[in-house]
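Please keep the sequence and the model in view while reading.

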Amino acid sequence: MPRPAPAHLESVPNAYLTLDPNQHAGGVGEYLLHRMKPYLPPWLIAAGTGMLSLPAYGMWGGSAAGAVGLTLASASLTGVTWWAGKATSPQRRLHSAITVAAGSSWLTAAALAGPLAGPLPSLFLIGAPSLAATWNVRQLLRVNPEGTADSADKGLLEKVGLAKTLVTSATVQPNKATFGLQLPGGELTPDDVSKALPRLAGALKVAKNAVRMTADADDSSKATLTVVPNDLLKTGAPYPGPSHPGGSIADPVHTGIYEDGAYMAMFFPGDPAAHRNAMHLLTMGMTGSGKSEGAITALTEVITRRDVIIWASDPAKAEQTLGPLLPAIDWAALTMDDTKAMITALRAVIPARTSWLARYGYKQWEPACAQTQADGAPGMPYLVAHFEEAAKTIRETDDDVFTGIAQEARSAGMSLVISLQRASGSQMSTDTRASLGSSWVFGLRDERDAGFALPDEALDAGAAPHAWKDKKPGYCYLVANGIPETFWATPGRAYLTPVEEVTRAVAEFAPIRATCDLITSKAAANAVGPAFTARTRYPLPDLDADPDALGIYEQEDDADGYDYDLTPEDDTDADGGWVDPEDELPPVEEVIQLAPPSPPRAKVGKNEARRIMIELLAEFESEGRTTIGPIDFMEHCDRFHRGRSWVSGEVAAMVADGRLRETDETGRYQIIPTHPAAA
């Protein structure tokens, strides 16, 4: 039995809940009655008309005034039926008017002359079943298991210029309705559906980018229409922690969530098995769109991997954006001179790295490259070159400054990331933009700006970053290698990563983080000399400096109730003699075991922690609770050993899955009861 649609799907237009005719209880008789119910109304109306003729004849039989009144009523009822059927199809309008005219005329004659007078009995016994049967035939023809019948959306589709388009399938998911469209061959194409999307959004009373279209790759007469009525991204999602701590940069880098709760991920290195090239990324968004915060999240993920180094530049904001990440960045260029040196070094390291890969038989970088090679040579980690606020760099160098790097770096185990507000032709050469290949687009000022970063396929499918502008920070589209085309027009939202989470990642993963390899170092040093060899290295943060901010708890000095603030008068031994604090302690003669050591706390994996969260939700529901929040789960954090940010992210996922619903109270969510499937 399909799971009942959540309450919030009641606003999805045409997301109908249909009754399964096979669902019944009882014997054969009840089953037949259940199947006959949809077809009974015409027959009941016919029988009711015949029974009504008896009291009508008793009241108006032979009455001239009754004849006038009944005739006027019959004509008026027929006229009203014709007028009311104006919004329906011509066939249904005519059928309804004929049925009402025939039924009311017979009732008028039977009321005046008697139901058994002349031909009236024969007319009733022949005409009433025939008219009832015609309505049953219409009802049967309206049900088409192959889905080629007129859609219930036909009137709506005609209004928006998609006449003759049929809805062939409908799938309802939590907060998403998907419809298969069969377009009239030779008359309409998916491009026509794309042009109609704004009108469809208006007709359905949803946001412009809540309606999207995906063309069928094999049949230009088919398309898929997706409607998402409620914005589940508006509450955002805090960074849940590293997705693959200590893993490889070849693992997906999680940067946010899509509107259906799925992870938004990007892939930096290529993968021949998956037919995926290495990624060069254009990050674009207007001021206030959350572009820089998204970059911080992505870089925070990268620094938790074991086989990658980062070169990063930001001559515009210097430490303002990259500040917390600086200790984990191999080379940070925060001035224009250093940025120019970094660009020169990148050009020099590309041939050196490609030669190393060729020497050891690698066609492109893969995780094995970072390991010690068969001849004992040290490995070569992946290199991510990130240029924040790159418009200043391009403006003070050349609009073609990144073209050569973008065209050649993939084969050298490198990814180039260029971030700027507007990738217009006056800011960046079209050759550079074409070479980047992937784009991560946040809110933009207008539709023209969207065309600089998003491909036509995404725009035609309904992607509209200009609808957000700077009003919804973090909202974004991701078009990148490894991301299915069906997700290109799906809105997502980048995680919001607090500074303390960045600082924690910088410090905790320092022992496993890769350092610059000899091949890359030598090439960079030969190219720019001291600009690389004397580059500024930033110290790791002291996690103990602010334990409360980082969620690290230390036992206070007086936690056991004793005063450890000794004065000179307290420096005496048990016999009353003075103790020199500089003296060495006497050797240990006896060890007293006061209590057995506590067993180490078992590490709970993410999947196990999520299972415990689901069990806790079921426990809250069984206790009769109707609203909960992250704080309720945190009271049981000893069961899954996760912090509040991770818990908040899981709560957001439960909202996307339809198990929780937002309330007017911040941080509180309503539990949506589960319904067991019928036996």
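Which residue is the bridge partner of His254 in β6? The partner is Ala265, and the sections below, which describe a predicted model, begin with the sheet to which this pair belongs.

Strand β5, residues 253-258, pairs with β6 in the antiparallel sense, and four bridges hold the pairing. Both strands belong to an open sheet of 10 strands with mixed pairing, in which the order is β6-β5-β14-β13-β12-β7-β11-β10-β8-β9. Because β6 (263-266) and β9 (331-333) stand at the edges with a single partner strand each, one side of each is left without a neighbour in the sheet. On average, and with direction ignored, neighbouring strands of this sheet are turned by 25 degrees against each other.

Helix α10, which spans residues 336-359, lies across β8 (308-313), β9, β10 (382-387) and β11 (414-420), and it runs at about 155 degrees to β10.

## A buried threonine

Thr297 has its place in helix α8, residues 291-302. Since buried means under 20% relative accessible area, Thr297, at 0% relative accessibility, counts as buried. When neighbours within four places in sequence are left aside, Thr297 is in contact with Tyr239, His254, Thr255, Tyr495 and Thr497; His254 among them is the residue whose bridge partner in β6 is Ala265.

## The sheet of four strands

A further open sheet has four strands in the order β1-β2-β4-β3, and its pairing is antiparallel. Here β1 (166-173) and β3 (211-215) stand at the edges, each with a single partner strand, so that one side of each is left without a neighbour in the sheet. From one strand to the next, the twist averages 20 degrees.

The antiparallel strands β3 and β4, the latter covering residues 222-227, are joined by five bridges, and Ala215 has Ala223 of β4 as its bridge partner. Helix α7, residues 190-204, lies across β2 (176-182), β3 and β4, and runs at about 160 degrees to β3.

## Two packed helices

Helix α2 (residues 41-60) packs with helix α4 (residues 90-113) at an angle of about 40 degrees, and their axes are 7 Å apart. That angle makes α2 oblique to α4, and the crossing of the two is right-handed. On the side of α2 the contact includes Thr49, Leu52, Tyr57 and Trp60, while Gly103, Trp106 and Leu107 are among the residues of α4 that take part. The residues of this contact divide into 10 nonpolar, four polar and no charged.

Note on methods: Residues numbered from 1 in each chain as written. Predicted model: local features only at pLDDT ≥ 70, side-chain atom pairs only at ≥ 80, totals over all residues. Heavy atoms only, no water. Buried < 20%, exposed > 50% of the residue type's maximum accessible area, 1.4 Å probe, protein only. Contact = heavy atoms within 4.5 Å. Pairing = 2+ DSSP bridges. Axes fitted to C-alpha atoms, helices over the stretch in contact; angles between N-to-C directions. Parallel < 35°, antiparallel > 145°, perpendicular 65-115°, else oblique. Left-handed = near helix turned anticlockwise from the far one by under 90°. Nonpolar A, V, L, I, M, F, W, Y, C, P; charged D, E, K, R; others polar.
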